[in-house]
Amino acid sequence: MRNRTVKQTLTQAIFIGLLGLVFQPVSAQQDPVQVQILPQTNIQVSSNELNQGDVVLVTLTTTKKITPSLLWRDKEIPLAANTEKTKWFGFLEASLGAHPGKNKALVRLKTGSRVKTSAMEIAIRAKDYGLRNLTLPKGWDELDGPTLERVQKETSIVAAVWSRPLAEQLWQGPFIRPVSGEISGTFGVKSIINNQPRSPHSGVDLRGDIGTPILAVNRGQVVLSADHFFTGNTVIIDHGGHIQSMYFHMDRVGVESGQMVAKGDVIGWVGATGRATGPHLHFGLRVNHTTVDPLHFIQLSEQIAEIEGNSGVRSQNSE
Ligand SMILES: [Zn+2]
């Protein structure tokens with residue numbers, strides 16, 4: 001009922017002008033919101049609220065031949081489609097440091113020579129991911145000359161990975177967890193080490209014994225397979241469509257740079273290489289050049305399977 005009311009109100013608003021839409025969920029916040037932009041063409045957003053360090057899923061459903069585009073905070077967001085091009089998916093992200101407040105997402109649809117634009121309002125909310133105080137031996141982070149040189153070189157290698165041109169969509173269907181172990185270090189938590197504030201945790205630490213297989217969270221191309229000082233044996237996979245996953249501290253790496261991997265492929269084994277206090281997998285995810293909560297992203301991506309049912313987006317799972 002709620003969706004219908006919103007739909008009716010907003011359908012009227014569309015006719016006022018090219019840019020006539022405002023999202024107005026009727027009831028509680030955090031509800032998915034649905035809007036009809038053209039006959040037989042709907043947009044659904046998983047939530048009208050977006051936490052810092054999180055993502056929302058935009059789903060466009062249509063029976064028409066359309067070319068959609070999605071703009072979020074003035075950036076073009078890649079849209080992934082099912083094989084029939086009747087469903088389109090895009091993720092809107094907010095960084096850990098994103099300013100709280102209302103932001104605009106624009107959906108633009110091209111049908112023939114016509115362009116229809118619809119604006120949606122999504123509020124970024126501040127989120128407190130907590131604080132951890134650590135005391136480490138004095139001088140723990142003092143690096144000698146050659147090590148410093150090595151770290152600088154590795155930093156520029158990773159920076160080059162992030163500035164690679166956008167790969168086409170390689171991922172398909174929901175993302176999976178790389179290991180099943182429980183969380184030993186949450187995403188976004190701020191560390192204070194010896195009373196000095198450090199940058200927030202850029203991923204999630206997952207428990208695992210040395211040698212536990214690590215799975216590729218979706219289809220993609222390995223863009224980095226290297227042994228780095230801080231992150232140890234490191235793999236970065238580009239899933240295309242501005243989604244990249246990172247795996248640190250591996251005991252061994254099972255893939256090479258440039259290699260294509262399917263969802264569920266073993267890419268390495270859990271270890272404690274680099275600067276790690278014990279065996280675990282540090283797992284990170286970047287969406288639209290932004291570090292986000294990887295486990296929440298995976299959870300959200302499962303909605304794609306629900307929306308799709310058994311058709312459309314093909315799963316590349318090796319099972
Ligand atoms: Zn970590």
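Among contacts in the chain between residues at least 6 apart in sequence, what percentage join residues at least 24 apart? The figure is 65%. Keep it in mind as you move through this predicted model, and let's start with the whole chain.

**Whole chain**

Show everything as a cartoon. The chain has 24 strands and three helices. Of its 319 residues, 39% are buried. Now colour by pLDDT: the mean for the chain is 86, and 86% of the residues reach 70 or more. Select residues 1–29 next, where the pLDDT is below 50; beyond near neighbours in sequence, this stretch has 41 contacts in the model. Residues 310–319 also have a pLDDT below 50, and that stretch has 25 contacts beyond near neighbours in sequence.

**The nonpolar core**

Select Val58, Leu92, Val235 and Tyr247. These are the residues with the most contacts inside the largest nonpolar core, which has 62 residues.

Now centre on valine 58 and display its contacts. Leaving out residues up to four places away in sequence, valine 58 touches Ile43, Val45, Leu70, Gly90, Leu92 and Ala105.

**Valine 45**

From that list, pick valine 45, which sits in strand S2 (residues 41–45). Is valine 45 buried or exposed? Valine 45 has 25 C-beta neighbours inside 10 Å, so it counts as buried; the cut-off for that is 20 or more. Apart from residues up to four places away in sequence, valine 45 touches Pro32, Val33, Val56, Val58, Met120 and Ile122.

**Strand S10 and its partners**

Select residues 114–125, which form strand S10. Strand S3 (residues 49–51) runs parallel to S10, and three bridges join the two. Strand S9 (residues 101–111) pairs with S10 in the antiparallel sense, over 11 bridges.

**An open sheet of three strands**

For the last stop, select S16, S22 and S20. They form an open sheet in the order S16-S22-S20, with antiparallel pairing. The edge strands are S16 (213–215) and S20 (252–253), each pairing on one side only. S16 and strand S22 (residues 266–269) run antiparallel and are joined by three bridges.

Finish on proline 213, found in strand S16. Which residue in S22 is the bridge partner of proline 213? Select tryptophan 269 to see it. Leaving aside neighbours within four places in sequence, proline 213 is in contact with Val266 and Trp269. Proline 213 has 15 C-beta neighbours inside 10 Å, so it counts as partly exposed. One more distance to draw: proline 213 and valine 179 are 34 residues apart in sequence, yet 7.2 Å apart in space, C-alpha to C-alpha.

How values were computed: Residues are numbered from 1 along each chain as its sequence is written. This is a predicted model: local features need pLDDT of at least 70, side-chain atom pairs count only at pLDDT 80 or more; totals for chains, interfaces and linings use all residues. Two strands pair if DSSP finds at least two bridges between them. Helices (H or I, at least four residues) and strands (E, at least two) are DSSP runs, numbered from the N terminus. A residue is buried if 20 or more other C-beta atoms lie within 10 Å of its own, exposed if 12 or fewer, and partly exposed in between; C-beta atoms are placed from the backbone. Two residues are in contact if their C-beta atoms, placed from the backbone, lie within 7 Å. pLDDT is the predictor's confidence in each residue, from 0 to 100. A nonpolar core is a set of buried Ala, Val, Leu, Ile, Met, Phe, Trp, Tyr and Cys residues joined through C-beta atoms within 7 Å.
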